[in-house]
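Here is a structure to get to know, one feature at a time. Have a look at the sequence and the fold, then read on.

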Amino acid sequence: MDTQKLARDVKFLKAYALSTMLVPAVALLCAFGKPDKPVRFGEISVERLNLVERDGTVKMVMSNKERFPQGVTIDGKHIDYKRTHPGMLFYNDKGEECGGLIFGGEKGPDGKPSAGGHFSLDRFGQDQVIALNYQEQGGGYKAGLTFNDAPEESVAVLNEKYKNATPEEKQQAQKEGKLGLMTRMYVGTTAGRSSAVIMADQRGATRMMMVANTDQSTLDFKDSQGRTRLTIGVDKNNQPILRFLDETGKEVKPAGQF
């Protein structure tokens with residue numbers, strides 16, 4: 001056997017194998033090396049996709065569960081908490097999270113689904129002030145749109161301010177709208193399958209509730225203590241109703257009525 005010829009053949013095969021790997025790699029690098037030239041793909045599979053500005057500022061992230069960002073960074077401080085869903089996150093010009101979309105679902109041992117979807121938009125430096133939700137658990141589900149108030153100070157500032165506060169102090173701050181979210185309005189369906197519109201005042205106290213289902217359609221007005229004082233609607237017998245209630249919930253006649 002000609003050992004020199006064999007050595008030349010082996011060297012040729014090595015060179016050929018290397019060239020078959022380098023040519024497509026160089027072509028791919030050249031394509032990505034020209035950011036202003038459109039590149040078209042018929043299909044692409046990724047575990048995470050980051051949309052960034054030219055300076056590297058992240059504007060949007062699309063990710064699977066494993067690579068989804070954990071926690072949130074506000075005012076340069078990282079607030080750590082676990083996220084277990086895939087989805088999408090939006091970022092403002094400061095590079096901080098300002099909304100997103102998550103989703104998921106599975107069936108439990110009882111065969112009933114546990115699922116949900118959540119799309120939200122955040123106040124600057126704060127949490128979600130608009131949220132579109134669907135939640136399903138134990139055979140029932142609800143879906144709706146929620147509007148919240150959020151404090152003016154950022155989450156990072158408030159965490160520092162109230163880190164040594166007692167549970168009672170935190171609860172009082174929440175009532176005053178200084179800490180956490182305060183629901184102002186909900187439009188959607190309930191777990192009992194009713195349609196509902198619920199409105200609250202600046203303190204988070206429910207002041208109006210409109211409910212419609214197969215039994216009735218009613219509109220309740222509540223006082224500042226959350227007590228129903230006036231009900232207008234149609235009952236399950238298809239009869240119109242108009243009720244005036246006192247502080248104890250007892251029906252009374254309005255002034256001037258005999």
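This is a predicted model: local features need pLDDT of at least 70, side-chain atom pairs count only at pLDDT 80 or more; totals for chains, interfaces and linings use all residues.

Residues are numbered from 1 along each chain as its sequence is written, and side-chain values use heavy atoms, with hydrogens and water left out.

## Salt bridges

Side chains of opposite charge can pair when their charged atoms come close. A salt bridge here is a side-chain nitrogen of Lys or Arg within 4 Å of a carboxyl oxygen of Asp or Glu. How many salt bridges does a search of the whole structure find? The search turns up 13.

One of them joins R83 and E97, whose closest N and O atoms are 2.8 Å apart. R83 sits in the loop between β4 (77-79) and β5, while E97 is in strand β6 (residues 97-107), so this pair ties together parts that are 14 residues apart in sequence. Those labels come from DSSP runs numbered from the N terminus: helices are H or I with at least four residues, strands are E with at least two. Both R83 and E97 are buried.

D201 also has a partner: it forms a salt bridge with R203, with 3.0 Å between the closest N and O atoms. R227 is partly exposed, with a relative accessible area of 32%, but D223 is buried at 11%. Then there's a network of salt bridges linking D75, K94 and E96.

## Aromatic rings

Next up, the rings. Rings of Phe, Tyr and Trp (its six-membered ring) pair if their centres lie within 6.5 Å; planes under 30 degrees apart count as stacked, over 60 as edge-to-face and the rest as tilted. Searching the whole structure gives two aromatic pairs. F90 and F119 make an edge-to-face pair, with 6.3 Å from centre to centre and 70° between the planes. This pair links distant parts of the chain: F90 belongs to strand β5 (residues 87-91) and F119 to strand β7 (residues 113-122), 29 residues apart. F119 is partly exposed, at 32% relative accessible area.

Y134 and Y141 also pair edge-to-face, at 6.2 Å centre to centre and with 70° between the planes. Y134 is partly exposed at 30% relative accessibility, and Y141 is partly exposed at 35%. Y141 has a charge over its ring too: R193 lies over the face, 4.5 Å from the ring centre. That label needs NZ of Lys or CZ of Arg within 6 Å of the ring centre and within 35 degrees of the ring normal.

## Strands around β10

Two strands pair if DSSP finds at least two bridges between them. β9 and β10 run antiparallel and are joined by six bridges, and L145 has V187 in β10 as its bridge partner. β10 also runs antiparallel to strand β11 (residues 195-200), with five bridges between them. Here M185 stands opposite M199 in β11.

What sits between β10 and β11 in their hairpin? There are five residues, and R193 in the turn has a positive phi of about 75°. That is the R193 that lies over the face of Y141.

Strand β9 (residues 140-149) also holds T146, which is buried, with a relative accessible area of 14%. The C-alpha atoms of T146 and R184 are separated by 7.7 Å, though the two are 38 residues apart along the chain.

## The β1 and β2 hairpin

β1 and strand β2 (residues 58-63) run antiparallel, joined by five bridges. L51 has M60 in β2 as its bridge partner. Their hairpin has five residues between the strands, and G56 takes a positive phi near 95° there.

Conventions: Buried means under 20% relative accessible area, exposed over 50%, partly exposed in between (1.4 Å probe, protein chains only).
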